[in-house]
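Colleague: I am new to reading protein models. Could you walk me through one, feature by feature?

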Amino acid sequence: QVQLVESGGGFVQSGGSLRLSCVASGSIGSIDLMAWYRQAPGKQRELVAAFSSGGTANYADSVKGRFAISRDNARNTVYLQMNSLKPEDTAIYCCNSNIRTAYSTGYRAYWGQGTRVTVSS
């Protein structure tokens, strides 16, 4: 079984910073994409940033220049450094990853439970 566990959320004032972490554990064969999504109250879930196994990072326009995604393949961990936070960044942030388990031949998507980020004005 594979699990994704996020940490690092919290309460911060506008202009502040937070660093989110997501660790994948379990019977992991290999990991392809690792990404962060967020869902604000009353809004649809949106992709914030993604990091491919090949080292390519992509960002939502709303976070470009403020957020940075990185990954540590040896630790099966993806990070999201969030700087210059704004009240509109308030949301639950979820980790997503395409993982092939040690007992399968194909990849499937896994999701974490999410971590709450609240930015006050």
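This is a predicted model: local features need pLDDT of at least 70, side-chain atom pairs count only at pLDDT 80 or more; totals for chains, interfaces and linings use all residues.

Colleague: Where does Ala35 sit in the chain, and is Ala35 buried or exposed?

Modeller: Ala35 belongs to strand S4, which covers residues 28–39. Its relative accessible area is 1%. Buried means under 20%, so Ala35 is buried.

Colleague: How far apart are Ala35 and Gly112, in sequence and in space?

Modeller: In sequence, 77 residues separate Ala35 and Gly112. In space, their C-alpha atoms are 11 Å apart.

Colleague: Now the whole chain. How many helices and how many strands does the chain have?

Modeller: Zero helices and eleven strands. Read from the N terminus, the order of elements is β-β-β-β-β-β-β-β-β-β-β.

Colleague: What are the overall dimensions of the chain?

Modeller: Along the principal axes, the C-alpha atoms fill a box of roughly 50 × 25 × 25 Å. Next, take the radius of gyration. A compact globule of 121 residues would have a value near 14 Å, and the chain has 14 Å, so the two agree.

Colleague: What share of the residues counts as buried?

Modeller: Of the 121 residues, 41% are buried. Look at contacts too. Among those with a separation of 6 or more, 57% join residues 24 or more positions apart.

Colleague: How do I read a sheet?

Modeller: Begin with the general idea. Strands of a sheet pair through backbone hydrogen bonds, and the pairing is either parallel or antiparallel. Now the case here.

Colleague: How many bridges link strand S3 and strand S8?

Modeller: Six bridges, in the antiparallel sense. Strand S3 spans residues 18–26 and strand S8 spans residues 77–82.

Colleague: What about backbone angles? What should I expect for phi?

Modeller: Most residues other than glycine have a negative phi. Two residues to look up here are Asn76 and Ser84. Phi of Asn76 is positive, near 50°. Phi of Ser84 is also positive, near 50°.

Colleague: Where do Asn76 and Ser84 lie?

Modeller: Asn76 is in the loop between S7 and S8. Ser84 is in the loop between S8 and strand S9 (91–101). With a relative accessible area of 23%, Asn76 is partly exposed. Ser84 is partly exposed too, at 41% relative accessibility.

Colleague: Last topic: aromatic rings. How is a pair described?

Modeller: By two values: the distance of the ring centres and the angle of the planes. This structure holds one aromatic pair.

Colleague: Over which rings does Arg45 lie?

Modeller: Find Tyr37 and Trp111. Arg45 lies over the face of Tyr37, at 5.8 Å from the ring centre. The charged end of Arg45 also sits over the ring of Trp111, 4.0 Å from its centre.

How values were computed:
Residues are numbered from 1 along each chain as its sequence is written. Side-chain values use heavy atoms; hydrogens and water are left out. Rings of Phe, Tyr and Trp (its six-membered ring) pair if their centres lie within 6.5 Å; planes under 30 degrees apart count as stacked, over 60 as edge-to-face and the rest as tilted. A charge sits over a ring if NZ of Lys or CZ of Arg is within 6 Å of the ring centre and within 35 degrees of the ring normal. Two strands pair if DSSP finds at least two bridges between them. Helices (H or I, at least four residues) and strands (E, at least two) are DSSP runs, numbered from the N terminus. The radius of gyration is taken over C-alpha atoms; the globule rule is 2.2 Å times the number of residues to the power 0.38. Buried means under 20% relative accessible area, exposed over 50%, partly exposed in between (1.4 Å probe, protein chains only). Contact means heavy atoms within 4.5 Å.
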